[in-house]
Amino acid sequence: MLAIYIKEMSQYFRSMVGYIFLTIMMLICGFLFTTGNLMSQNPDIKSFFSSLFNTLIFIIPILTMRQFSEEQKLKTQQLLFTLPLSIESIVLGKFFATLSMIGIGLLITLAYPLILAYLGSSALLLTLGNYLGVVLFVSMVVAIGLYISSFTDSQVVAAIVSYGVILILWLTDSLTPYITNQLLKKILAIFSLKSNYIEFTYGIFNPAGILYFLTLTGLFLILTMVNIDSRRQ
């Protein structure tokens with residue numbers, strides 16, 4: 001796994017993808033924090049995280065769309081399979097490399113709650129809850145993106161389908177008012193991204209929400225491994 005992780009991380013910065021991604025992320029985050037908190041004199045860090053969530057939905061597939069799609073397009077996937085590496089090592093190496101790239105950007109944003117704390121607005125639990133929610137959400141989206149990417153050699157298709165799956169999970173909650181079946185309502189509530197994420201934004205560490213994100217992350221990673229393994233044979 002470490003070999004794949006190092007390969008992926010070095011590729012991000014050799015191909016400029018990593019620099020472009022971090023630049024875009026930092027420009028957007030800086031703009032959101034400056035306009036939403038500093039210029040408007042808003043001490044609530046929650047407003048920044050709400051905007052950050054919407055931003056991450058659109059920029060994460062930029063990283064995940066290339067992971068397996070590029071390997072298939074360049075015909076290097078078979079070369080990867082000839083290496084003495086397990087499927088688990090390949091998938092997890094790519095997963096943690098993508099997660100690390102996003103993590104670098106999130107680490108930089110730690111300056112924002114520190115600035116607000118310096119200016120007299122400190123909300124430790126709220127900040128920790130939002131960061132935990134973002135990390136769990138990012139992990140799930142990366143796992144979904146890897147799974148979609150393992151099906152196609154088109155990065156554009158991988159990105160669009162990833163957006164679609166995330167959107168469906170987000171909009172699941174909005175369907176419940178139109179459904180009369182109580183069992184179906186409960187099922188939709190269980191799979192609702194919005195209802196499982198929203199409590200983190202208030203600094204509430206809901207075990208059900210944590211389990212939701214960890215379960216979906218693990219599920220899509222396992223599905224990716226199964227799909228890659230079937231292509232390997």
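Author: I shall begin with Tyr-131, which has 11% relative accessibility and counts as buried. Please note that the model is predicted.

Reader: Why is Tyr-131 called buried?

Author: Buried means under 20% relative accessible area. Tyr-131 has 11%, and therefore counts as buried.

Reader: What makes Phe-49 and Tyr-131 an aromatic pair, and why is the pair called edge-to-face?

Author: Rings pair if their centres lie within 6.5 Å, and planes over 60 degrees apart count as edge-to-face.

Reader: Why is Phe-49 called buried?

Author: Its relative accessible area is 1%, and the limit for buried is under 20%, so Phe-49 is buried.

Reader: How many aromatic pairs does the structure hold?

Author: The structure holds 17 aromatic pairs. Among them is the pair of Phe-48 and Phe-49, at 5.5 Å centre to centre and 65 degrees between the planes. As that angle is over 60 degrees, this pair is edge-to-face. Phe-48 has 1% relative accessibility and therefore counts as buried.

Reader: Which residues form one aromatic cluster?

Author: Phe-53, Phe-137, Trp-170, Tyr-197, Phe-200, Tyr-212 and Phe-213 form one aromatic cluster.

Reader: How do you know that Lys-46 lies over the face of Tyr-202?

Author: The distance from Lys-46 to the ring centre of Tyr-202 is 4.7 Å. For a charge to sit over a ring, NZ of Lys has to be within 6 Å of the ring centre and within 35 degrees of the ring normal.

Reader: What makes up the largest nonpolar core?

Author: The largest nonpolar core has 60 residues, and those with the most contacts inside it are Leu-56, Phe-137 and Met-140. Helix H8 gives the most to this core, with 14 residues. Leaving aside neighbours within four places in sequence, Met-140 is in contact with Leu-169, Leu-193, Tyr-212, Phe-213, Leu-216 and Thr-217. In soluble globular proteins, nonpolar side chains tend to be buried together.

Reader: Why is Ser-149 called buried?

Author: Its relative accessible area is 0%, against a limit of under 20%, so Ser-149 is buried. Ser-149 lies in helix H8. Not counting residues up to four places away in sequence, Ser-149 touches Thr-64, Met-65, Arg-66, Gln-67, Phe-68, Ser-69, Gln-72 and Ala-158.

Reader: What makes Gly-120 exposed?

Author: Exposed means over 50% relative accessible area. Gly-120 has 64% relative accessibility, and therefore counts as exposed. Gly-120 is found in the loop between helix H7 (111-118) and H8. Gly-120 and Pro-43 are 77 residues apart in sequence, while their C-alpha atoms are 8.4 Å apart in space.

Reader: Why is Met-16 called partly exposed, whereas Gln-41 is called exposed?

Author: Met-16 has 45% relative accessibility and so counts as partly exposed. Gln-41 has a relative accessible area of 70%, which is over 50%, so Gln-41 is exposed. Met-16 lies in the loop between helix H1 (2-14) and helix H2 (17-38), and Gln-41 in the loop between H2 and H3. Neither residue is a glycine, yet Met-16 has a positive phi of about 75 degrees and Gln-41 has a positive phi of about 55 degrees.

Reader: How do you know that the radius of gyration agrees with a compact globule?

Author: With 233 residues, a compact globule would have a radius of gyration near 17 Å; the protein has 19 Å, which agrees. The C-alpha trace spans about 55 × 50 × 25 Å along its principal axes.

Reader: What is the secondary structure of the protein, and how much of the protein is buried?

Author: The secondary structure comes to 12 helices and 0 strands. Buried residues make up 45% of the 233 residues. Of the contacts with a separation of 6 or more, 76% are between residues 24 or more positions apart. The protein exposes about 11600 Å², and carbon and sulfur atoms supply 72% of it.

Terms used: Residues are numbered from 1 along each chain as its sequence is written. This is a predicted model: local features need pLDDT of at least 70, side-chain atom pairs count only at pLDDT 80 or more; totals for chains, interfaces and linings use all residues. Side-chain values use heavy atoms; hydrogens and water are left out. Rings of Phe, Tyr and Trp (its six-membered ring) pair if their centres lie within 6.5 Å; planes under 30 degrees apart count as stacked, over 60 as edge-to-face and the rest as tilted. Buried means under 20% relative accessible area, exposed over 50%, partly exposed in between (1.4 Å probe, protein chains only). Helices (H or I, at least four residues) and strands (E, at least two) are DSSP runs, numbered from the N terminus. The radius of gyration is taken over C-alpha atoms; the globule rule is 2.2 Å times the number of residues to the power 0.38. Contact means heavy atoms within 4.5 Å. Accessible areas come from the Shrake-Rupley method with a 1.4 Å probe; for residues, only the protein chains shown count as cover. A nonpolar core is a set of buried Ala, Val, Leu, Ile, Met, Phe, Trp, Tyr and Cys residues joined through side-chain atoms within 4.5 Å.
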